[in-house]
Amino acid sequence: MSMLKLSAGSGYDYLTRQVAALDATDKGHVGLASYYTERGESPGVWAGSGMAGIDGLEVGDPVTAEQMRNLFGHGLHPLAEQRRQQLGGPELTPREFEKLARLGNPFKIFNAATPFQVEVAKRVADLGRTIDRPVESADRAKIRTEVAREFFRAEHGRNAVDARELAGQIAKDSRPKATTVAGFDLTFSPVKSVSTL
């Protein structure tokens, strides 16, 4: 089993690129041998006892990219656009629509830029380059390393011993401090060479 955290916003995108791409497939019945030759994953389906309270969706219905965007990207009812048309049409105000389609509290939005990233961006901007003459990648790397040394010294009270410590500081300071989790993707998949009767 593998587990992946789906971040609010665009954290579900990999599902729409790899899995939901098969939403509109019209393959019909395929033989058992195709399991071993197919690429990618089967499209997801709606499941669970909570489906009883969701009008318009049934257990076993395929999950579409639009439904994932509404649910995982915006925290809305999976069929939000259809509900807008059914309940009020275009004269429905955005606030009324929000009340009808929102599932729970809105996702918290965190500032994506860390202090490290802000400082690197300031120093890159100070170089005064233009679109015609962008900052060279070597100059950008030099600035990032310089800022990482300063951040490491401020945090640990000493200089970094080696490149590994410095790379660790860059990785830690480049990560956003918090992300909102919209859901989890649990995948149970044995290797294809495993067969059961």
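This report covers confidence, nonpolar cores and a surface patch in a predicted model.

## Basis and confidence

Residues are numbered from 1 along each chain as its sequence is written, and side-chain values use heavy atoms, without hydrogens or water.

The protein chain has a mean pLDDT of 78, with 78% of its residues at 70 or more. Helix α7 (residues 137–156) has the highest confidence, a mean of 92, and helix α2 (residues 34–37) the lowest, at 54. Helices are DSSP runs of H or I, at least four residues, and strands are E runs of at least two, numbered from the N terminus. Over residues 20–29 the pLDDT is below 50. Where pLDDT is low, the predicted coordinates should not be read in detail.

## Nonpolar cores

A nonpolar core is a set of buried Ala, Val, Leu, Ile, Met, Phe, Trp, Tyr and Cys residues joined through side-chain atoms within 4.5 Å; buried means under 20% relative accessible area (1.4 Å probe, protein chains only). The largest core has nine residues: F116, V120, V124, V135, I143, V147, A148, L166 and I170. At least two of its residues come from each of α6 (115–126), α7 and α8 (163–174).

Beyond its neighbours within four places in sequence, A148 is in contact (heavy atoms within 4.5 Å) with F116, L166, Q169 and I170. A second, separate core has eight residues, among them L6, M51, M68 and F72.

## Surface patch

M1, M3, V181, F184, L186 and F188 form a nonpolar surface patch with about 680 Å² of accessible area together (Shrake-Rupley method, 1.4 Å probe, with only the protein chains shown counting as cover for residues). Patch residues have over 30% relative accessible area and no salt bridge, with nonpolar side chains (Val, Leu, Ile, Met, Phe, Trp, Tyr) joined within 5 Å and like charges within 9 Å. A salt bridge is a side-chain nitrogen of Lys or Arg within 4 Å of a carboxyl oxygen of Asp or Glu. Strand β2 (residues 181–187) supplies the largest share of the patch, three residues, and F184 lies in this strand.

Technical notes
Predicted model: local features only at pLDDT ≥ 70, side-chain atom pairs only at ≥ 80, totals over all residues. pLDDT = per-residue confidence, 0-100. Buried < 20%, exposed > 50% of the residue type's maximum accessible area, 1.4 Å probe, protein only.
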